[in-house]
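Biologist: Can you walk me through this one? I want the side-chain contacts, ring pairs to begin with.

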Amino acid sequence: MSLETLVPVTGTIMNIARGNDCCSQMSALRTANGIVNFAIDSNTLVIDSRQLRTGMRVTAFYDSSLPVPLIFPPQYRAQIVTVTGRNEQVTLKHFNRSLLASDRSLQLNIADSTMVQTVNGQPFDCSPGNQFLLVYYSATTRSIPPQASPGRIIVFC
């Protein structure tokens, strides 16, 4: 899985149905731009191994380099799914040593209360710079680039 090509879609789960086999499911998300369907299978990384349920607000990341069927509503294969809080935003980007996103869209200011861990939930005691980071945050400054003090960071080593 190439993290550079992952695109997020945030919405509320409307329904979950069994997929083509017992190891997959289809999930319909209500987003700000309409309905988006996601296939979730055994290769999908569900952060914290959370059981997905109707009514949950989630962000699903799909690989924009993979072909997709030309149907409406759009249907993607989820690579990563994470549950997000009501006022919480999430981004997955490469951050440099000074914790600036590679596209200069976000500057991180890590607080003492920021939980930094690896994908498998282990504490990450090193500097998270020069890594792909899944960042959970609530508010940003109006500066350029916007700055945020994230509540949680997941490091993709």
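Modeller: Rings of Phe, Tyr and Trp (its six-membered ring) pair if their centres lie within 6.5 Å; planes under 30 degrees apart count as stacked, over 60 as edge-to-face and the rest as tilted. This is a predicted model, where local features need pLDDT of at least 70, side-chain atom pairs count only at pLDDT 80 or more, and totals for chains, interfaces and linings use all residues. Residues are numbered from 1 along each chain as its sequence is written, and side-chain values use heavy atoms, with hydrogens and water left out.

Biologist: How many aromatic pairs does the whole structure hold?

Modeller: The search finds 3. One of them is F38 with Y76: the centres are 5.9 Å apart and the planes are at 40°, so the pair is tilted. F38 is in strand β3 and Y76 in strand β6, so this pair ties together parts 38 residues apart in sequence. Strands here are DSSP runs (E, at least two residues), numbered from the N terminus.

Biologist: And how are Y62 and Y76 arranged?

Modeller: Stacked, with 3.8 Å centre to centre and 10° between the planes. Y62 sits in strand β5 and Y76 in strand β6, 14 residues apart. Ring pairs join F38, Y62 and Y76 into a cluster.

Biologist: Are F38 and Y76 buried or exposed?

Modeller: Both are buried. Y62 is buried too. Buried means under 20% relative accessible area, exposed over 50%, partly exposed in between (1.4 Å probe, protein chains only).

Biologist: New topic. Which residues have the most contacts inside the largest nonpolar core?

Modeller: I13, L29, F38, L52, M56, V58 and V81, in a core of 16 residues. Strands β1 (6-18), β3 (34-40), β5 (57-63) and β6 (75-83) each supply at least two of its residues. The largest share, 4 residues, comes from β6. A second, separate core has 13 residues, including L99, L108, V116 and I153. By definition, such a core is a set of buried Ala, Val, Leu, Ile, Met, Phe, Trp, Tyr and Cys residues joined through side-chain atoms within 4.5 Å.

Biologist: What does M56 touch?

Modeller: G11, T12, I13, R50, Q51 and V83, leaving out residues up to four places away in sequence. Contact here means heavy atoms within 4.5 Å.

Biologist: On to charges. How many salt bridges turn up?

Modeller: There are 3 in the whole structure. The criterion is a side-chain nitrogen of Lys or Arg within 4 Å of a carboxyl oxygen of Asp or Glu. R152 pairs with D48, closest N and O atoms 2.6 Å apart. R152 lies in strand β12 (residues 152-156) and D48 in the loop between β4 and β5, so the bridge ties together parts 104 residues apart in sequence. R152 is buried at 14%; D48 is partly exposed at 45%.

Biologist: Which ring does R152 lie over?

Modeller: The face of Y136, at 5.3 Å from the ring centre. The test for that is NZ of Lys or CZ of Arg within 6 Å of the ring centre and within 35 degrees of the ring normal.

Biologist: What about D41 and K93? Which partners do they have?

Modeller: D41 bridges to R77, with 3.3 Å between the closest N and O atoms. D41 is in the loop between β3 and β4 (45-46) and R77 in strand β6, 36 residues apart. K93 meets D103 at 3.1 Å, N to O.
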